[in-house]
Amino acid sequence: MFLEPSSLTMSSSYSSFFLLFLSLLFFPCLSQSLRGVLIDCGAAVDSIVNEQRWVSDAVFVSAGTPKNLTVEVLDSTLSTVRTFPSNNNVFKKFCYEVPVYRGGKYLVRTTYFYGGVNGNSNPPVFDQIVDGTFWSPVNTTEDYWHGMSSYYEGIFKAIGKTMSVCLAANSYTDSDPFISALELVLVSDSLYNSTDFNTYALTLIARSSFGNNGSIIRYPDDEFDRYWEPYGRYSPAESFRHVSVSGIWNHPPAKVFQTRFALHKLEAMELLWPPAPLPNATYYIALYFADDQLSFSGRAFNISINDILFYANLNVTPTGMVVFASQWPLAGITKITLTPLFGSSIGPLVNAGEVFEVLPVGGKTHTRDVIALEKLKESFKNPPPDWNGDPCLPPQYPWTGVTCAGGTRIRVTSLNLTSLGLSGSISPSIAKLTALNGIWLANNNLTGSIPDLSSLNNLQSLHLEDNQLSGEIPPSLGNINSLNEIFLQNNNLSGQVPSNLLGKPGLNLRTTPGNPLLSQPPK
C-alpha cells in the first residue's frame with residue numbers, strides 16, 4: 001500500500017521516546033465480533049463476507065449514485081461503488097453520516113476500486129475528509145493499473161454522535177469521485193494513547209509484519225481488523241512459533257511476532273522502511289520486538305532513524321516490547337539502523353512496525369450553529385446535496401451557500417441560497433445563527449411565514465424576494481438596528497407593513513411588486 005498524505009509542516013523538535021515492556025499492562029480482548037459498522041458502498045442489500053456483516057450504504061448517505069462494476073473482482077465488497085457528481089461541484093463534499101459513540105476512538109478505513117465506472121481509463125483524484133479534518137487526497141491510479149484496490153486508514157476521535165466521512169472533488173478531479181467500502185471500527189482507548197486525539201488524528205503510512213512472505217494479517221488475528229502487510233523483502237527473514245507476547249496497549253496481534261528480520265552475525269541491520277519516500281511531516285512511529293523463548297540470547301542494540309538515535313540500549317526479551325515516538329519528523333527516504341552494543345553475542349532483530357502521519361484536527365463549527373442549520377435543512381424539502389458533515393470545515397469545503405468566520409469559535413456569518421430551487425419553509429431555527437450578517441434566500445419556492453429574526457443583531461441584509469411566503473411581516477424586524485436592506489417583493493404577504501420599518505433611516509425596504517394582500521405604504 002502506498003498512500004499520498006497531505007503535507008504538514010515538520011516539527012522542529014523531537015518528541016520523547018518510550019520503551020514499553022509488554023508485561024507492564026494487560027488489556028483484555030474485545031468480543032470476537034468487530035465493534036463498529038462495515039459499509040458496502042453502492043450495495044442494495046446486506047451481505048456476510050468472511051463471517052462479518054456488511055451493510056448497504058443507503059441509510060448513511062443522501063447523495064450520489066450506486067453503481068455495479070462490470071469487471072471481475074476478487075472481493076464481493078468491491079463489485080459495487082457509489083459515485084458523486086463532480087460537474088459544478090468542485091470543493092463540494094458529499095458525506096456518509098455514521099452513528100458513533102461520542103468520545104470513542106475509531107479506526108476509519110476507506111477502500112477504492114475504480115473498475116472503469118466513470119468511463120475514463122484512469123480513476124479520478126479527489127479528497128477525503130473526516131468531520132472537519134482534511135484527511136488526504138485519494139489517488140488510486142498506480143494500484144488500479146496493477147489490478148489492485150487501494151485503502152486508506154486513519155485513527156480519529158468521535159466528536160459527536162455521528163462521524164462524517166466525506167469525498168470531495170478538487171481542482172484535479174476529472175470525473176466523479178467514488179468509493180467501494182467504508183469501515184468504522186471502535187478501538188480500545190489504549191491504542192496509540194500517547195497521541196492527544198482531541199488535537200491530532202493519525203493517518204496510516206505503513207503497517208508491516210517483517211519477515212512475513214505470506215498474506216496480510218488481519219481479523220481475527222488482529223481484533224480491530226488492522227492490516228499488517230507482509231514485508232519479507234529482506235534476506236534475514238525468519239519464522240518461529242515460540243512467542244508469548246500479551247498486554248501491550250497497542251494490541252499488536254501475536255502472529256506478527258512469529259516472523260522477523262534477524263541477524264545472527266554481530267553486525268548492524270539497515271532497513272529502508274517505509275519503502276516509499278515520505279513528505280516532510282511529523283510521524284508516529286512504533287517498532288515491535290520479541291525474541292524466541294527457546295533461543296533467547298540477550299540481544300542488545302541501539303536504534304537510529306536516519307542516523308539520529310531513536311532509542312539506546314534496547315535489550316530484547318521473549319516477553320516482547322515496543323519502542324515508539326508520538327511525534328518524530330521525517331522526510332524522504334527513511335533508514336532504520338539497528339546497531340549491536342559492544343559485548344553483544346548476536347545481531348539485532350525486529351518483528352513489526354507502524355508509521356502514521358500526525359494530522360492536526362480541523363476543529364468544528366459552533367454547536368449551536370450546526371444544530372440550527374440541521375433544523376433549517378429539515379425544513380427544506382430539497383436542501384443542497386452537500387449539506388452534510390461540518391458546515392464550515394475544512395475551510396475550503398463549506399456547505400453550499402454558507403460563509404463562516406474563523407477564530408477559536410467557528411461561526412456561520414451568511415447564508416446565500418439564491419436561485420437554488422429550494423422548496424419547503426424557513427425554520428425558526430435560523431434565528432439561532434446569531435452571527436449572521438446576511439440572509440439571501442431569493443428566487444426559490446419557499447412557503448410559510450417569515451420567522452422572528454430579532455435575535456440577529458448583526459443582520460444587515462435580508463433577501464426573501466421571489467418566493468411564495470405568506471403571513472405578516474414580523475414587526476420585530478424593525479428592532480434590528482443593523483438592517484439596511486429588506487427585499488420582500490413577489491411573495492404572498494398580507495397585513496400591514498410594520499410602522500417601525502416605514503421611514504427607518506438608512507433602510508432600503510422593498511415590498512412591491514407582488515404581495516397583493518399586503519397593505520402597501522403610501523407612495
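Does Asp225 count as buried or exposed, and at what relative accessibility? At 2% relative accessibility, Asp225 counts as buried, where buried means under 20% relative accessible area, exposed over 50% and partly exposed in between, computed with a 1.4 Å probe on protein chains only. The structure is a predicted model, in which local features need pLDDT of at least 70 and side-chain atom pairs count only at pLDDT 80 or more, while totals for chains, interfaces and linings use all residues. Residues are numbered from 1 along each chain as its sequence is written, and side-chain values use heavy atoms, with hydrogens and water left out.

Of the 523 residues in the protein, 56% are buried. The accessible surface comes to about 21800 Å², and 52% of this area belongs to carbon and sulfur atoms; accessible areas come from the Shrake-Rupley method with a 1.4 Å probe, and for residues only the protein chains shown count as cover. Among contacts between residues at least 6 apart in sequence, 69% join residues at least 24 apart, a contact being heavy atoms within 4.5 Å.

Two backbone features concern residues with positive phi. Asp225 has phi near 60°, a positive value in a residue other than glycine, and lies in the loop between β15 and β16 (229–231). Tyr192, also not a glycine, has a positive phi of about 50°. Tyr192 is found in the loop between β14 and β15 (200–210) and is buried, with a relative accessible area of 0%.

Cis peptide bonds are found at two prolines. One joins Trp273 and Pro274, with omega about 0°; Pro274 is placed in the loop between β19 (269–272) and β20 (278–289). The other runs from Leu393 to Pro394, with omega near -10°, and Pro394 lies in the loop between α2 and β27 (402–405).

Tyr288 is placed in strand β20 and is buried, with a relative accessible area of 0%. Val322 is 34 residues from Tyr288 along the chain, yet the C-alpha atoms of the two are separated by 4.5 Å. Not counting residues up to four places away in sequence, Tyr288 touches residues including Trp228, Ile248, Pro252, Phe257, Met321 and Val350. The side chain of Tyr288 makes a polar contact of 3.1 Å with the side chain of Asn250, and a polar contact of 2.5 Å joins the side chains of Tyr288 and Glu354. A polar contact is a pair of N or O atoms within 3.5 Å; within protein, one must be able to donate a hydrogen and the other to accept it, and residues adjacent in sequence count only if both atoms are side-chain atoms.

Empty space was then examined. Rolling a probe the size of a water molecule over the atoms shows where such space is left. On a 1 Å grid over the protein atoms alone, a cavity is a set of points where a 1.4 Å probe fits but cannot get out, and a pocket is an open set with protein on both sides within 12 Å along at least five of seven lines; lining residues have an atom within 4 Å of a point. Grid points are joined across faces, edges and corners, and a volume is the space filled by probe spheres set on the points.

The largest pocket holds about 1000 Å³ of space. Its lining consists of 33 residues, with Asp75, Ser149, Ile216, Arg218 and Tyr227 nearest the centre. Strands β4 (52–56), β11 (150–157) and β14 (181–186) each supply at least two residues of this lining. By class, the lining of the largest pocket has 17 nonpolar, 8 polar and 8 charged residues; Ala, Val, Leu, Ile, Met, Phe, Trp, Tyr, Cys and Pro count as nonpolar, Asp, Glu, Lys and Arg as charged, and the others, Gly among them, as polar.

The second largest pocket holds about 480 Å³. It is lined by 18 residues, of which Gly160, Lys161, Thr162, Lys364 and Val370 are the closest to its centre. β12 (162–169) and α2 (367–379) give two or more residues to this lining, and α2 provides the largest share, 4 residues. The lining of the second largest pocket divides into 4 nonpolar, 7 polar and 7 charged residues.

The count of cavities of 30 Å³ or more comes to 1. The largest cavity has about 30 Å³ of space, and its lining has 8 nonpolar, no polar and no charged residues, among them Ile426, Pro451 and Leu464.
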